[in-house]
Amino acid sequence: MIDKKVIRTLVEEWLQGGEYFLVDVLETADDRIVVEIDHADGVWIEDCADLSRFLQEKLGEELDNYELEVGSAGLGQPFKVPQQYVNHVGKIVEVVGRDGKKTQGVLTLVDGDKFVVTVQEKQRIEGKKRPVMVDVEKSFSMNDVKSTKYVLKMKE
């Protein structure tokens, strides 16, 4: 069995000096090794192929009993590492709290493990007959939410 730490170390070596970052390394029960990487501008298939070749060269025969899959973290998948939050500042995200409550809005700030989502809410404003939509900032901790993911909006 190939140690996940060895794979992580090799991936980090390949990533050194580039703009890609490691999201996750998974080993499945059916002998698959899945390496997920990401980049602020998206992941290119050529780079996935390059990383795959690099791992095959470094691990050699150790990989013979495994199926190696290298790809991007995927749109619509929950964020796994803080860099994914940073890359999505200014974009619409959906946050699911520990209580199951969903909040959707624009990710406006990331500071360490804290982040802020700006949402539109109806509020009564003094002097106005009807409620108006206003921006409200909601703060979260990455460790205190079930998930956060990018919301892909189709242009109308």
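The legends below describe close-up views of a predicted model.

**View 1. Helix 2, from residue 45 to residue 59.** Helix 2 consists of 15 residues and spans 21 Å between its first C-alpha and its last, which is close to the 21 Å expected at 1.5 Å a residue. After the helix comes Gly60, a residue whose phi is positive, near 50°.

**View 2. The buried and exposed residues of helix 2.** Cys48, Leu51, Ser52, Phe54, Leu55 and Leu59 are the buried residues shown here. Viewed down the axis of helix 2, the buried residues fall within an arc of 160°, so they line one face of the helix. An α-helix has 3.6 residues a turn, so residues three or four places apart point the same way. On the other side of helix 2, Glu46 and Glu57 are exposed, while the cover over the buried residues includes helix 1 (4-15), strand 2 (32-38) and strand 3 (67-72).

**View 3. The aromatic pair of Trp14 and Tyr20.** Four aromatic pairs are found when the whole structure is searched. One of them joins Trp14 and Tyr20 in a tilted arrangement, with 6.1 Å from centre to centre and 45° between the planes. Trp14 and Tyr20 are both buried.

**View 4. The aromatic pair of Phe79 and Tyr85.** The rings of Phe79 and Tyr85 pair edge-to-face, at 5.0 Å centre to centre and with 80° between the planes. Phe79 is buried, having a relative accessible area of 10%, and Tyr85 is likewise buried, with a relative accessible area of 5%. Together with Phe115 and Phe140, Phe79 and Tyr85 form one aromatic cluster.

Technical notes. Residues are numbered from 1 along each chain as its sequence is written. This is a predicted model: local features need pLDDT of at least 70, side-chain atom pairs count only at pLDDT 80 or more; totals for chains, interfaces and linings use all residues. Side-chain values use heavy atoms; hydrogens and water are left out. Helices (H or I, at least four residues) and strands (E, at least two) are DSSP runs, numbered from the N terminus. The expected span of a helix is 1.5 Å times one less than its number of residues. Buried means under 20% relative accessible area, exposed over 50%, partly exposed in between (1.4 Å probe, protein chains only). The arc is that of the directions from the helix axis to the C-beta atoms. Contact means heavy atoms within 4.5 Å. Rings of Phe, Tyr and Trp (its six-membered ring) pair if their centres lie within 6.5 Å; planes under 30 degrees apart count as stacked, over 60 as edge-to-face and the rest as tilted.
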